[in-house]
Amino acid sequence: MGKRILPRKMGICLVLTIAFSLGSVSVVQAGIRSDSSKLYCPKGRLIAHVWRGGGKNSGNTKKWDYQVSSKYKGRAKIKWIQTRWYSAASLRKSASISLGVSNSSASASSSSSWMTVKTKTKYWKNNNGSKSADWRSNTLVGPRKDYRSNTIYTSNTGTLKLKGYPKKYEISAGI
Amino acid sequence: MRFLRGFSVLLLASAVLITGFFLVGCKWTTSTEGRNAGKDQVLLYAPYDSRLVIYGIKVKAVQNVSAVGSGPLYEFSDPACRLYVVTDEEGMRIVSVDEKRGKIKNVAFFKEEVYPLAWDKEKNIGYYVRCQKEDNEVRDVIAIDRRGKVRVIAAHAGMITSGALTEDGLYLTKYDKERDEYRLLIRRGKQLEDTGRVLHDDDLFTRNGVLLCSDKSSIYSIDGTFRTAKSDFVYFPEGTTQTLKMNIGRKHLPQLTIENDEGKVLKKYEDVIGFWMQGTTVHVAGNGYMRTYSAGKGKEQ
């Protein structure tokens, strides 16, 4: 019987490490991201969620689908629930970013230095007893040569008021 | 001997760490006092963000967030009131905004949850509901003057949620969670009395000294002489018959609408961050613009 090149345990660890790395690389390449945060409140919990798809090049622009939501899971009655969100990216030379909703865009200065540019914050509120407030659209940057790779991020803050409780429950998620 | 040497090293390291903390002035708990406004800036309450922001009058945009406290702020329904309740990591604080100096001043601090109910403008007294730490459904009604002195108005008053100060006295709503409805109470002397009126929503307002109640879709006077459609935020400037309403517009941005007493829209402002009052004058702070509207005269200045 020949001599082992590697001890058995080390070999298993190496195989697992390679497999995990390949898995991680594939997720990064796909670029799909999501994040959820939850906050416990009377008789349930508030969950803020943000999802963003992988970036797609479209002519001179780059865009990502996104969805933001704030949901209450529980037994208490809702007075109102709100979601507010924005996106930001590192841009230069007057490049702009928008949220796919009118009057949301913002632009970098004409400088060739990178700067973080944030869109306007957008809002959606339900006060009809609904347990969620959500919105789906896309984020667009252009021209894409003046967008610094992997700097896009989207933030969502959920706020909730329950009947009988004066407190505003608030939690944020971001990717 | 080896043990003693090791123990000495550990003791010395601990002493260095503790001394370091004191020298650096490290606080175990933090209290975010908030940024004050500078030249050509005002401290503005942004209702959809529940935050005080620093608005630049010349640039006509938000230049910073005041970052007072660690969570959402709570305001009184009177648009002239500049008292706010701030969430802190250690509890809750009542602060007042000195508009002329653009500064935030602490009024009182509580370890329990405290929320605004009504404001007595003439005496500068705020009425609040204070929730017990162990059970936030056990609540007291308290009054706090401008010096921060606390007086208990009603102890263990039930699930009090909102209030309004009128010519008749202090009205409060008490939530009945079994029936999912609110009872309207009034303070007479040292007692809270049930008026016998059941409400389906707890938003209360004062319009020139008169109580307004609300249901899911409207705000109305008990005698039926006034009714207006509800909005996310509704304000009744004292000394005028006009109503200010904020809601989310079609572009998912806050808008401010000014209506007359018949519900006719007199003015609409899109992409509004907030507003502040000077007497009956409304200063509208928008993204990229500012407007001054005289609610007393019913027109823009």
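This is a predicted model: local features need pLDDT of at least 70, side-chain atom pairs count only at pLDDT 80 or more; totals for chains, interfaces and linings use all residues.
**Chain A as a whole**

Begin by selecting chain A and colouring it by confidence. Its average pLDDT is 87, and 83% of the residues score at least 70. Where does pLDDT stay under 50 in chain A? Select residues 20-29 of chain A: pLDDT remains under 50 over this stretch, and the model shows zero contacts there beyond four places in sequence.

Next, display chain A as a cartoon. One helix and twelve strands are present. Chain A has 175 residues, of which buried residues make up 34%. Of the contacts in chain A between residues at least 6 apart in sequence, 63% connect residues at least 24 apart.

Select residues 33-41 of chain A, strand S1, together with residues 44-52 of chain A, strand S2. These two strands run antiparallel and are joined by nine bridges. Within the pair, Tyr40(A) faces Arg45(A) of S2(A). Now centre on the turn of this hairpin, where two residues lie between the strands and Lys43(A) adopts a positive phi near 60°.

**The contact between chains A and B**

Show both chains and select the residues at their contact. Chain A contributes 18 residues and chain B contributes 20 residues. On the side of chain A that touches chain B, strand S9 (122-126) and strand S12 (168-174) of chain A each supply at least two residues. S9(A) provides the largest share, four residues. What kinds of residue form the side of chain A that touches chain B? Colouring by residue type divides that side into four nonpolar, five polar and nine charged residues.

Move to chain B and select residues 113-120, strand S8. Why is S8(B) described as largely enclosed by the rest of the structure? Seven of its eight residues are buried, so the strand is largely surrounded by the rest of the structure.

Ala118(B) lies opposite Tyr127(B) of S9(B). At the turn, this hairpin has four residues between its strands, and Asn124(B) takes a positive phi near 55°.

**The four-stranded sheet of chain B**

For the last stop, select strands S20 to S23 of chain B. They form an open sheet of four strands in the order S20-S21-S22-S23, with antiparallel pairing. Strand S20 (233-235) and strand S23 (265-269) of chain B lie at the edges with a single partner strand each, so one side of each has no neighbour in the sheet. Neighbouring strands of this sheet are turned against each other by 20° on average, direction ignored.

Finally, zoom in on residues 243-248 of chain B, strand S21, and residues 254-259 of chain B, strand S22. This antiparallel pair extends over six bridges. Select Met246(B) and, in S22(B), its bridge partner Leu256(B).

Definitions and conventions: Residues are numbered from 1 along each chain as its sequence is written. Chains are lettered from A and ligands numbered from 1 in the order in which they are written. A residue is buried if 20 or more other C-beta atoms lie within 10 Å of its own, exposed if 12 or fewer, and partly exposed in between; C-beta atoms are placed from the backbone. Two strands pair if DSSP finds at least two bridges between them. Two residues are in contact if their C-beta atoms, placed from the backbone, lie within 7 Å. Ala, Val, Leu, Ile, Met, Phe, Trp, Tyr, Cys and Pro count as nonpolar, Asp, Glu, Lys and Arg as charged, and the others, Gly among them, as polar. pLDDT is the predictor's confidence in each residue, from 0 to 100. Axes are lines fitted to C-alpha atoms, for helices over the stretch in contact, and angles run from 0 to 180 degrees between N-to-C directions.
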